[in-house]
Amino acid sequence: MILIQRASLDDIDTLETLFSGYLEFYGREHSSAAIRHFLSERIANKESIIFIATSDAKAVGFTQLYPTFASLSLKPSWILNDLFVSPTARGSGVAGALMAAARQLAVDTHACEIFLQTARSNHKAQALYGKLKYQRDDEFLVYTLSIQGS
């Protein structure tokens, strides 16, 4: 059975382990202290909502969402920025359970949408999002400006 709970500052140890796995998946590396600081600030400042998935009393995944607004809809919106499932738990419904929690958050907060991006090469994630009725946007281009020293 998969349980989903909203993370609190008490969950930083668990989150740090999962987030390290997430960063490794994307070929990024940060110190444990930097990860803990980042996650603690998001939770303490109420800047994001993080859900943790557990199975057999073991943390196996998380998702992190950031609140924003959809100007064209004049409504709140959520950015699903991070989704990670431990390699040993993949294919067991964890990602779907985390996505369901994200959807429920959007419903509960009267949001008009959940926005997310994924790598073009992440075909498993794309298949999940399609299965969950997320619509791929081929109309708009995404641009990013990297700021040196950040």
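**Pockets and sheet**

Modeller: In this predicted model, the lining of the largest pocket divides into 20 nonpolar, ten polar and seven charged residues.

Colleague: What makes a residue count as charged or polar here?

Modeller: Its type alone. Asp, Glu, Lys and Arg count as charged.

Modeller: About 1,400 Å³. Its lining holds 37 residues, and the closest to the centre are Phe115, Leu116, Gln135, Arg136 and Asp137.

Colleague: What makes a residue part of a lining?

Modeller: An atom within 4 Å of a pocket point. For the second largest pocket, of about 640 Å³, 27 residues line it. Leu83, Ala95, Lys124, Ala125 and Leu128 are the closest to its centre. Helix H1 (12–25), S4, H3 and H4 each give two or more residues. S4 gives the most, six. By type, the lining has 15 nonpolar, eight polar and four charged residues.

Colleague: In what order do the strands of the sheet run?

Modeller: S1-S2-S3-S4-S5, five strands in an open sheet with mixed pairing.

Colleague: Why are S1 and S5 said to stand at the edges?

Modeller: Strand S1 (2–6) and S5 each have a single partner strand, so one side of each has no neighbour in the sheet. From one strand to the next, the twist averages 30 degrees.

Colleague: How do you know that S4 and S5 pair?

Modeller: Pairing needs at least two bridges. S4 and S5 have three, so they pair. The two run parallel. Leu80 has Leu116 of S5 as its bridge partner.

Colleague: Which strands does H1 lie across?

Modeller: Strand S2 (49–55), S3 and S4. H1 runs at about 80 degrees to S3.

Colleague: What makes you say that H3 packs on the sheet?

Modeller: Contact means heavy atoms within 4.5 Å. H3 touches S1, S2, S3, S4 and S5. Its direction makes about 165 degrees with that of S4.

Key:
Residues numbered from 1 in each chain as written. Predicted model: local features only at pLDDT ≥ 70, side-chain atom pairs only at ≥ 80, totals over all residues. Heavy atoms only, no water. 1 Å grid on protein atoms, 1.4 Å probe; cavity = no way out; pocket = protein on both sides within 12 Å on 5 of 7 lines; lining within 4 Å. Points joined across faces, edges and corners; volume = space filled by probe spheres on them. Helix = DSSP H or I, 4+ residues; strand = E, 2+ residues; numbered from the N terminus. Axes fitted to C-alpha atoms, helices over the stretch in contact; angles between N-to-C directions.
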